[in-house]
Amino acid sequence: MTAKQRASFLVFPTILVLALIVIFPMIFSISVSVRAFDIRIREHPFVGVQNFIAVLTNRDFYDAVKVTGIMIVAELAVELVLGMVLALVLMNLPAGRKVFQPILLFPMMVMPVVIGYMGRLVFEVRSGPVNYVLNLLGIESLKWHASADLALVTILILRIWQWTPFVVAVFLAGLLSLPLEPYDSAQVDGATSSQVFFLISLPMLRPVITLIVIMRALEILQTFDITYVLTLGGPGVSSMTMSLYSYLLGFRYWDVGQASASAWLIMIPLSILVTWFVRIMQKGERVEETR
Amino acid sequence: MKRTLFVLICLLLILPALVFAQSYPGVTVTVVAHGGHHAIPWHGEVDNIMQKYGIKLNVIEVTPDELYSKELLELTNRSGAYDIIQYNSAWIGDYEPYIQPLDDYVAKDKDAIGFSDILPAFQKAQDLWGGKKVAITMDGDTFLFYYRKDMFQDPGEKAAFKTKFNYDLPDPPKTWKQVVDLAQFFTRKKGEKLAGKTLTKDFYGYADQAKRGRLYYWYLFRFIPFNAPTPQYFDPATMAPKINSAGAVAALENMKELLKYSPPGVLSWEWDELYTAAMKDGTVGMWIHWTDEGRGFNTLAPLPMDNPPKPVLGISASPGYEVGGKVYQFTVVDSAWVASICKDSKNKDAAYAVLKHMFAPGPSNVGYIMDPVIGWDPSRYSHFNSKAWREKVPGIENYLALELKALESGYPMLKIPGAFEYNDVLDLNVSKYLAGEFATAKETLDTVAARWNELNKKFGVEKQKGFYAKMWQ
């Protein structure tokens, strides 16, 4: 057996496992998306792109895409800014870090379903503590998840509460791993704190930011539990996320064909966007290296 | 002589064994049940069933969310894995080929299971399909109209209502038009007077459980009477949806109109929120809900005021609609939990014996119905007339009598294949309308009708027509 053959032989189990757990489901999903696939109907005839057309001509799909898009942009923006600020605060408070770091991780340990139920209580219009505090401040009660205008905001608040600590933890790890030499040089050169942050820390954290954006964007795309419990996408479709939309198609209406088609329709552009983002960040890194 | 004596002695010895012999020794009957509280009675009877019949009862609990898919998978694969299945009667269109009709069993043992003991409203809405007895009602789920009788009976309020609306305060309201008047009349701000006392909280005339998901029920409570005298979901001859009829549009407009007199945030209300606001907070005047409030009539909170009158819960059939001087009221019977024997069961006779043991009229069955933890609501005459229940819960007779009366005009939920999709499409669009995403009720319901037509095509118009006919037989 040559070295190449031996290498191929050793890699084979990995390829087999990958094929079973990744490639096969993907191929099966493609196959389902081009068939009229309802588990209650025995025949699953080939329908070509009909499922894709059905999804693309459904207004609710675009509403779900819009809601998910808003969530990705708004949630990511708030979490990145808030996460960075908190990480910097903790970075400069080594004593507080030990205390707050474990506490900060607490929201991540709570199951999203529980957060959904908690949200129902906390944001209840008449008896919820949030409106109670607003009333104390002289602000009228808001309808939160009972209103088409604020349902998504309510979900975002809960999700930001849950996931910002994750961003803080990753940023903090990134900040702690940065080399100290550039900071020493900056100090010698008399750089201000904002110059240090924008010209040294932020560029060096580029890989960390890339990681956070990709991980968070993919997680936001899968937003399901909180929405399911808190609003079920409503009122109307004001908080209908893509994953909830696909779930309803696949597991409530049993139209697995259309559910698969909708999943592919969102996965393809998202993959392109993520690849584009990674390339931009890598390009930035290369520019930084050549300076 | 000696020989005769010997034979007699032998017979005497064998007779008890013959009489008390277990009919199905060593047979295992597998029942798949709604997990949690619904499964308690099945587990509770395992030993009794073993002693009585020699049957080993194997109870498989499945969460309600997964029940349909798991059962359907086993049934369509004809695996014979289950002997008895618990399911929602709305699924019968999908389950029909795999369900054993019970007519022969019922006829053979002179209705020992007490099929005729089940109220006709439940028989029609849950157990009969195409004229055959296919299931036994486990849970007599239905909807009742509740109102604050303590407030309705106040002489001052009665007089003020008559002055304002020029007719006597209806107790209970018979039509949705009256409900709108009453809701408007009783909606008051904190600090205003109600029944002669100052309110300590805002008070609302009416509330629906209007969160997306089960909102369609509250629309159907109106849709059905607004299409009186012969409401239909579809035209039985063509399967054309009737969901966008003139009556249907008026029903949806009524729903939106009543939002004005409902608590803020009602669009996010599920069961807990409505129950709490109405029963525990006492800030809602009228509402429609399952029977939980009726069963818990003695837990109604007083009106939110100092020295309130003694709380009294009013119960009646849902409001109706007047056609040609006659008011038509209907009580929507939920397509709730039933039990059937699987056609592919290898132990059908034993399974029927188990069903009989669990549901035939008797103290054991009534005991489970009386226990609020189980979640099985009354469905049989033997439940509604139960002396034991009356002795255990003084005052329950009022609820039992009023529900029995309300069920004289029971109306079924949709039971054809895809019933969930039809209802969810309705739910989604009604939710959109209430949230302001549709401009008019007509536009909303035309959208629903178009989607219902698509669903008809998906399942096959002719097939659905056949199922829809069976629903009424």
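Mentor: Let us begin with a definition: two residues count as being in contact if their C-beta atoms, placed from the backbone, lie within 7 Å. The model before us is a predicted one, and by that criterion residues 24 or more positions apart account for 68% of the contacts in chain A with a separation of 6 or more.

Trainee: What is the corresponding share for chain B?

Mentor: In chain B, 73% of the contacts with a separation of 6 or more are made by residues 24 or more positions apart.

Trainee: How do you know how much confidence the predictor places in chain B?

Mentor: Confidence is given for each residue on a scale from 0 to 100; chain B averages a pLDDT of 93, and 96% of the residues score at least 70. The model as a whole scores ipTM 0.85 and pTM 0.89.

Trainee: Why is chain B called as compact as a globular protein of its length?

Mentor: The globule rule gives 23 Å for 473 residues, and the radius of gyration of chain B is 25 Å, which is close to that value, so the chain is described as being as compact as a globular protein of that length. Chain B has 22 helices and 18 strands, and buried residues make up 49% of its 473 residues.

Trainee: What does the secondary structure of chain A come to?

Mentor: Chain A has 14 helices and 0 strands, and 31% of its 291 residues count as buried.

Trainee: Why is A:T227 called buried?

Mentor: The cut-off is 20 or more other C-beta atoms within 10 Å, and A:T227 has 27 such neighbours, so it counts as buried. A:T227 sits in helix α12 (residues 225-230) of chain A, and, leaving aside neighbours within four places in sequence, A:T227 is in contact with A:I155, A:G233, A:S239, A:T241 and A:L244.

Trainee: Turning to the sheet in chain B, what makes β11 and β13 its edge strands?

Mentor: Each of them, β11 (204-207) and β13 (313-316) of chain B, pairs on one side only. The sheet is an open one of 4 strands in the order β11-β12-β8-β13 (chain B), and its neighbouring strands are turned by 15 degrees against each other on average, direction ignored.

Trainee: How do you know whether the faces of β13(B) are covered or uncovered?

Mentor: In a regular strand the side chains alternate between the two faces of the sheet. For β13(B), B:L313 and B:I315 lie on one side and B:G314 and B:S316 on the other, and all of them are buried, so both faces are covered.

Trainee: Which helix lies across β8 and β13 of chain B?

Mentor: Helix α19 (residues 396-406) of chain B does, running at about 25 degrees to β13(B).

Trainee: How many residues does each chain bring to the contact between chain A and chain B?

Mentor: The contact takes 20 residues from chain A and 21 residues from chain B. By class, the side of chain A that touches chain B has 8 nonpolar, 7 polar and 5 charged residues.

Note on methods. Residues numbered from 1 in each chain as written. Chains lettered and ligands numbered in written order. Predicted model: local features only at pLDDT ≥ 70, side-chain atom pairs only at ≥ 80, totals over all residues. Helix = DSSP H or I, 4+ residues; strand = E, 2+ residues; numbered from the N terminus. Rg over C-alpha atoms; globule rule 2.2 N^0.38 Å. Buried ≥ 20, exposed ≤ 12 C-beta atoms within 10 Å, placed from the backbone. Nonpolar A, V, L, I, M, F, W, Y, C, P; charged D, E, K, R; others polar. Pairing = 2+ DSSP bridges. Axes fitted to C-alpha atoms, helices over the stretch in contact; angles between N-to-C directions.
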